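Hi everyone, thanks for coming. Let's take a look at the structure together, and then I'll walk you through two parts of it.

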Amino acid sequence: MRRLGTATALLFLSMTLATAARANDMQAVSPALAKYAERRVFGEVWKRPGLSPRDRSVVTLAALIARNQAGEMAQYVNLALDSGVKPAEISEVITHLAFYSGWANAMAAVAVTKDVFAKRKVGSDQLPAASPKLLPMNEAAQAAENEREMRVGQQFGTVSPGVVQYTTDILFRDLWLRPDLAPRDRSLVTVSALIASGQVAQVPYHLNRAMDNGLTQLQASEVLTHLAFYAGWPNVFSALPVAKEVFERRAK
Amino acid sequence: MRRLGTATALLFLSMTLATAARANDMQAVSPALAKYAERRVFGEVWKRPGLSPRDRSVVTLAALIARNQAGEMAQYVNLALDSGVKPAEISEVITHLAFYSGWANAMAAVAVTKDVFAKRKVGSDQLPAASPKLLPMNEAAQAAENEREMRVGQQFGTVSPGVVQYTTDILFRDLWLRPDLAPRDRSLVTVSALIASGQVAQVPYHLNRAMDNGLTQLQASEVLTHLAFYAGWPNVFSALPVAKEVFERRAK
Amino acid sequence: MRRLGTATALLFLSMTLATAARANDMQAVSPALAKYAERRVFGEVWKRPGLSPRDRSVVTLAALIARNQAGEMAQYVNLALDSGVKPAEISEVITHLAFYSGWANAMAAVAVTKDVFAKRKVGSDQLPAASPKLLPMNEAAQAAENEREMRVGQQFGTVSPGVVQYTTDILFRDLWLRPDLAPRDRSLVTVSALIASGQVAQVPYHLNRAMDNGLTQLQASEVLTHLAFYAGWPNVFSALPVAKEVFERRAK
């Protein structure tokens, strides 16, 4: 038997509890689901190499928030905390998805998360400031953002000046620069939410951005595997050709 | 300081209360969200010219119903009533979206709205009749509808005769002619619901119809800005190229 | 008056009760909805020939689970049982959609269904085994599956080996072969879920598979009509051109 670190052991315990929480219900309706949960989802998928349990928690939370599935959310907020996601990061995931999944999705996540935070004594000192000092943009990031603004402005500046302006002011020069969630993790959240809600058209830009921000191809590939279970096969099969094209272009 | 009319002052009070209702929850999870709500969503977006608060209420309600987000709905039904949307109009928005967003979405909206109506003493005398005298179609509308029926019949008459028949009988020669929601407002509801639920393929027909029904390009542009917040950026970015093409074709 | 069999009479009673359950709420918000429910949805659509009430129950349940609409689900689980869907089949529908609509959708359906099962004394002896003897694949099915595996492996084997492997191991060589839901019914569930959640890109493969599994074109056409009401017109109008192409290719 392989020896586990304390953190990993705690995480696996947390996963076992997550399985057990629904086990009786599943047995009463579908013993098969209970089997798949135990053997496949928690027993296998969550333990696959290529994407850490911590990242899988982030992906799962993003999928649940994007799909507005509050009923399952509490156990995965707990699982995220147990797998090393900081309360400040969960806070930022929700804030981020207010813009990438819609305001009401964030409000539903707030309602669930406040109870989990209260039970676990997560106080306001562990939360990000409303207006923190933003991450600096280096020269390359600045150039890329200037290019994005110009391109989007040319495309849609007359179609919806409000959208174009807020995309710059609130998203790329504010939200994305908030320091309590790393850009790579914001990208992980964004890509997961896009795939989980069937927003294929927006995947190429954000998958490229994610990989620019440090997400490896192996990790992106595992995000797809993980989301097959949490967002359903069809969403993932619709994202596969898009991911393939992004991977191939970057390989050139 | 600009003097506000009583109605506007009441509306802003209602918006302040809407913010406050979630403020404690937001503070406990994301002080940033509370800041964005106060400064951006309610403090800025709702007050943008180009689309009245009344229309923004209709757009928001349509988005919430289309996305089946009952948790946030009550406060926006109240906000709609405070911003001048009549109970009969809210009733028709829900009825309309039973067909454009699915029966269960309407049922979820009914469950929320009946409580709001009860609290505000909205009685059955303020509701539309089940079978009112329908709006007449003028000659141009009749010709356009005949053309639509012929086109859809040719395309899909053998694929699904049931869909084709009900589209005519229930939607365009019944629902759309119900008198308690203006055709322009039905279009506003339809377009908002389509964008909010990622139904891009159906936007061109209905955005054109909306503008034929009196929605201006500026208003349509502001619908996109408003929905960026309530339906999430990705849905709006997927709708932008479609809106652009509609606007450009109509400009010719 | 046509004499009804006892089963049909019971079903119509069940439909009447389903209407009545929401009738007061509808009257308090939209008397029009109550009228459409009575005259159109339950009074007409559910009784259309071409698709049995039993199949319509399966389609409706699949749509509600795929769209995560738990609020309406209990009455339709009851209606399904009253229209001849076996508890074991409902159990398999939920298990199937765990993979085709996402894990959390299945969990939401489990939460509702366990209460219905408890009230109707559906015991574990009526549920499918967790690991039953799988249906055998005949030579043609084996060949088709080999071809699918090769094609998907070539397309996406390097993009996401995990997805590709699990698609074979869990879906097509396990889930689809579970004996308590006929392949034709699994296809009916899959196609309904895809259309109901706007997954148009995945419809061609699964609609073809459905028709290979015995779903007739008339039945598929009626699925579209039925889903217009339960998944909303836009989802169905986006599916119509895809269905048309599948029908036309198969006619050649």
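Before we start, one term: a residue is called buried when its relative accessible area is under 20%. Also keep in mind that this is a predicted model.

Let's begin in chain B. Which residues of helix 2 are buried? In helix 2 of chain B, they are B:Pro31, B:Ala32, B:Leu33, B:Ala34, B:Lys35, B:Tyr36, B:Ala37, B:Arg40 and B:Val41. This helix covers residues 31-41, and because nine of its 11 residues are buried, it is largely enclosed by the rest of the structure.

Now over to chain A. Its domain assignment gives domain 1, residues 1-47, and domain 2, which is 53-134 + 174-251. Taken over C-alpha atoms, the centres of these two domains of chain A are 22 Å apart.

So how do they meet? The size of an interface is often given as the accessible area lost when the parts come together. Between domain 1 and domain 2 of chain A, about 1200 Å² is buried, and carbon and sulfur atoms give 66% of that. On the domain 1 side, A:Leu11, A:Val45 and A:Trp46 supply 54% of the area buried against domain 2, more than any other three residues.

In terms of contacts, nine residues of domain 1 of chain A touch 14 residues of domain 2 of chain A. Between these domains there are zero salt bridges, and two residue pairs are in polar contact. Helix 1 of chain A, residues 6-29, gives the largest share of the domain 1 side, with five residues. By type, that side has seven nonpolar residues, one polar and one charged.

Key
Residues numbered from 1 in each chain as written. Chains lettered and ligands numbered in written order. Predicted model: local features only at pLDDT ≥ 70, side-chain atom pairs only at ≥ 80, totals over all residues. Heavy atoms only, no water. Buried < 20%, exposed > 50% of the residue type's maximum accessible area, 1.4 Å probe, protein only. Helix = DSSP H or I, 4+ residues; strand = E, 2+ residues; numbered from the N terminus. Domains from an automatic or database assignment. Contact = heavy atoms within 4.5 Å. Buried area = accessible area lost by both parts, 1.4 Å probe. Salt bridge = Lys/Arg side-chain N within 4 Å of Asp/Glu carboxyl O. Polar contact = N/O pair within 3.5 Å; in protein donor to acceptor, adjacent residues only side chain to side chain. Nonpolar A, V, L, I, M, F, W, Y, C, P; charged D, E, K, R; others polar.
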